[in-house]
Amino acid sequence: MKLHHVFKNIVVLAASLLLASCASTYDPALYAKEKPKLVLQQYFNGTLDAWGMFQDRSGKIVKRFTVVMRCQWNGDTGTLDEDFTYSDGTKQKRIWTLKQTAPDRYTGTAPDVIGEAQGIVSGNTLHWNYVLALPVDGTVYHVDFDDVMVLMDDKVMLNRAIMRKFGVDLGSVTLSFTKRDGQTK
């Protein structure tokens, strides 16, 4: 009987550690006073260019890419039309539909996002959580994204997303967005 309890405790501990590894360290209160204040409808409006890379969990740069993003808003609903060009020459399109659901809350959908992305704006940051259907070598994996965007000034935003599957870090995506001239606040 004691062996059963020991095994049960090990399973509970392992499950707790797995859940803890899935939890984000993002705390909106830490960024609430940071400036400049991020207003999605202002920053994601017009055309933006982005440069990014994917790093595996060891830190090795696996792929680089550029993005041209055309953004527009109609009231509380925004469309972010993204065209990706990867270092190997492949191309990809993603069209996000964002909806403001409260003063600091957003949801987002895209064809390769499973369900809805959930986002919260605090100070100069946007924190997104979502599941992306990610194609890799002919197989599609559902990967958890823990995504934090930081507005640096009226033109530049930095973005880092941690990718996980079953609570295990797979790697990260880092991007730098720049708003085209003449399109600032």
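Q: What makes a residue of this predicted model count as buried, and how much of the chain is buried?
A: Buried means under 20% relative accessible area, exposed over 50% and partly exposed in between, with a 1.4 Å probe and protein chains only. By that cut-off, buried residues make up 36% of the 185 residues in the protein chain. The model is predicted, so local features need pLDDT of at least 70 and side-chain atom pairs pLDDT 80 or more, whereas totals for chains, interfaces and linings use all residues. Residues are numbered from 1 along each chain as its sequence is written, and side-chain values use heavy atoms, without hydrogens and water.

Q: Why is the set containing Phe 44 and Phe 177 called a nonpolar core?
A: The term denotes buried Ala, Val, Leu, Ile, Met, Phe, Trp, Tyr and Cys residues joined through side-chain atoms within 4.5 Å. The largest such core has 35 residues, and Phe 44 and Phe 177 have the most contacts inside it. Strand S2 (residues 61-74) gives the most to this core, with 5 residues.

Q: What makes S1 and S2 paired strands?
A: Strands are DSSP runs of E with at least two residues, numbered from the N terminus, and two of them pair if DSSP finds at least two bridges between them. S1 (residues 46-56) and S2 have 10 bridges in the antiparallel sense, and therefore meet that condition.

Technical notes
Helix = DSSP H or I, 4+ residues; strand = E, 2+ residues; numbered from the N terminus.
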